[in-house]
Amino acid sequence: MAHNTYSDRYIADILHNVRTIAMVGASAKDVRPSYIVMKYLLAKGYRVFPINPGFGGREILGQMTYASLAELPEPVDMVNVFRGSHALPAITEEVLQLVNRPDVLWAQLTVRHDEAAKMAEAAGMKVVMDRCPKIEYGRLSGEIGWNGVNSRIISSRKQVSRGGFQALGIRGVSR
């Protein structure tokens, strides 16, 4: 698969079917992108397991942090990588050694390594690179559009709020 673009359906299917995520490179610092993304994904109902070798055994956002993927207490559906592109091959190899292999390897914005992607795909995994699940969820669920972003329409009209929590889920499908 070429990893320059992804169809909305491909991304939506991943985000709709994933329930558990291991976040490699999670940070306890609330200004770091991994912290912000983890907080968002937890709020959307995903179970997130932070992976950080220097922070193992402590909590981030109330979730126990593990030093490596091998220490995870249960299988996960997706591994989300918040490390540089150079680290992706080694992380991919670690993922492929798991007894219960995840279905998805997702590399964050600016993280791309085509050989690592080929390794994961050869093992039957779906791969997304240079994308953020928080941004993609917001875009596909329409949340970003509530502010006029990504709508191609600029309007001063305020969105009409409906009753209850304003989360549509991916493609209007509730989680």
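Contact, in these views of a predicted model, means heavy atoms within 4.5 Å.

View 1. Leaving aside its neighbours within four places in sequence, Ser34 is in contact with Met23, Gly25, Ala26, Ser27 and Phe82. One of the residues in contact with Ser34 is Gly25, and the side chain of Ser34 reaches the backbone oxygen of Gly25 at 3.4 Å.

**View 2. Val79 in the largest nonpolar core.** This core holds 51 residues, and among them Leu69 and Val79 touch the most other members.

**View 3. Helix α3 beside helix α4.** The axes of helix α3, residues 88-96, and helix α4, residues 114-122, come within 8 Å and cross at roughly 10 degrees. Because of that angle, α3 is roughly parallel to α4, a description that applies to angles under 35 degrees.

**View 4. Residues where α3 meets α4.** On the side of α3, Leu88, Pro89, Thr92, Glu93 and Leu96 take part, and they meet Ala116, Met119 and Ala120 in α4. Taken by residue class, the contact of α3 with α4 divides into six nonpolar residues, one polar residue and one charged residue.

How values were computed. Residues are numbered from 1 along each chain as its sequence is written. This is a predicted model: local features need pLDDT of at least 70, side-chain atom pairs count only at pLDDT 80 or more; totals for chains, interfaces and linings use all residues. Side-chain values use heavy atoms; hydrogens and water are left out. A nonpolar core is a set of buried Ala, Val, Leu, Ile, Met, Phe, Trp, Tyr and Cys residues joined through side-chain atoms within 4.5 Å. Buried means under 20% relative accessible area, exposed over 50%, partly exposed in between (1.4 Å probe, protein chains only). Axes are lines fitted to C-alpha atoms, for helices over the stretch in contact, and angles run from 0 to 180 degrees between N-to-C directions. Helices (H or I, at least four residues) and strands (E, at least two) are DSSP runs, numbered from the N terminus. Angles under 35 degrees count as roughly parallel, over 145 as roughly antiparallel, 65 to 115 as roughly perpendicular and the rest as oblique. Ala, Val, Leu, Ile, Met, Phe, Trp, Tyr, Cys and Pro count as nonpolar, Asp, Glu, Lys and Arg as charged, and the others, Gly among them, as polar. A polar contact is a pair of N or O atoms within 3.5 Å; within protein, one must be able to donate a hydrogen and the other to accept it, and residues adjacent in sequence count only if both atoms are side-chain atoms.
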